[in-house]
Amino acid sequence: PYHEAMLVAPGNKILYLTIICKLISNGYPVTELVSAKDVVSCYLQEIKKQYGEKLLNTDFFVTIGGSMFIENKNDKINRSLLFYQVINTAFKNKPKYFIGCNFGPYYSDNFLNNFKVILGEATDLSFRDRESEEILKLPNLRINPDIVFGFKVETIPHKTPNSVGFV
């Protein structure tokens, strides 16, 4: 069947800053941790504004990644965790696929436990390393080679001197 695709990035700094500014304008001080529910709700509203209802009316969610689930111990709010909490809310009763990922590094049990819930609700998890499997211990997780590094490409028989290649 035919499906349209849409690119949504968790690291979108403009979207993230919009959310933080909106929270501040609603009376939350920057130094205070706001409730996850308020942040997820605010983020979901901003995603609807930026991508429209079309995103939320899609059939499923797929992410193809790499090192996507990393905790920065200096962040008050982790953008990656926030993004995937929103995805789980937006795609509550729809299939979610995580392909070519790994988990970590992480520093807190809170980060780990939140991602266990998020990833535990996925239809399929295809991770690229055993360490992630041992950390997460999720029944829906399987190990496969890295998508990009495992990709076989033809060898170029000759090189052009003084040239630069782009992929």
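Me: How many helices and strands does the chain have?
Reply: This is a predicted model. The chain has 6 helices and 5 strands.

Me: How much of the chain counts as buried?
Reply: Burial here means under 20% relative accessible area. Of the 167 residues, 36% count as buried.

Me: What share of the contacts joins residues 24 or more positions apart?
Reply: Take the contacts with a separation of 6 or more. Residues 24 or more positions apart account for 70% of them.

Me: Now a helix pair. At what angle do the axes of H4 and H5 cross?
Reply: H4 spans residues 79-90 and H5 spans residues 109-120. Their axes come within 10 Å and cross at roughly 25°.

Me: Are H4 and H5 roughly parallel or roughly antiparallel?
Reply: Angles under 35 degrees count as roughly parallel. H4 and H5 are therefore roughly parallel to each other.

Me: Is the crossing left-handed or right-handed?
Reply: The crossing of H4 and H5 is left-handed.

Me: Which residues meet there?
Reply: H4 brings Ser80, Leu81, Tyr84, Gln85 and Asn88. In H5 they meet Phe111, Asn114, Phe115, Val117 and Ile118.

Me: How do the residues of this contact split by class?
Reply: The contact of H4 with H5 has 6 nonpolar and 4 polar residues, and no charged ones.

Technical notes. Residues are numbered from 1 along each chain as its sequence is written. This is a predicted model: local features need pLDDT of at least 70, side-chain atom pairs count only at pLDDT 80 or more; totals for chains, interfaces and linings use all residues. Side-chain values use heavy atoms; hydrogens and water are left out. Helices (H or I, at least four residues) and strands (E, at least two) are DSSP runs, numbered from the N terminus. Buried means under 20% relative accessible area, exposed over 50%, partly exposed in between (1.4 Å probe, protein chains only). Contact means heavy atoms within 4.5 Å. Axes are lines fitted to C-alpha atoms, for helices over the stretch in contact, and angles run from 0 to 180 degrees between N-to-C directions. Angles under 35 degrees count as roughly parallel, over 145 as roughly antiparallel, 65 to 115 as roughly perpendicular and the rest as oblique. A crossing is left-handed if the near helix is turned anticlockwise from the far one by less than a right angle, and right-handed if clockwise. Ala, Val, Leu, Ile, Met, Phe, Trp, Tyr, Cys and Pro count as nonpolar, Asp, Glu, Lys and Arg as charged, and the others, Gly among them, as polar.
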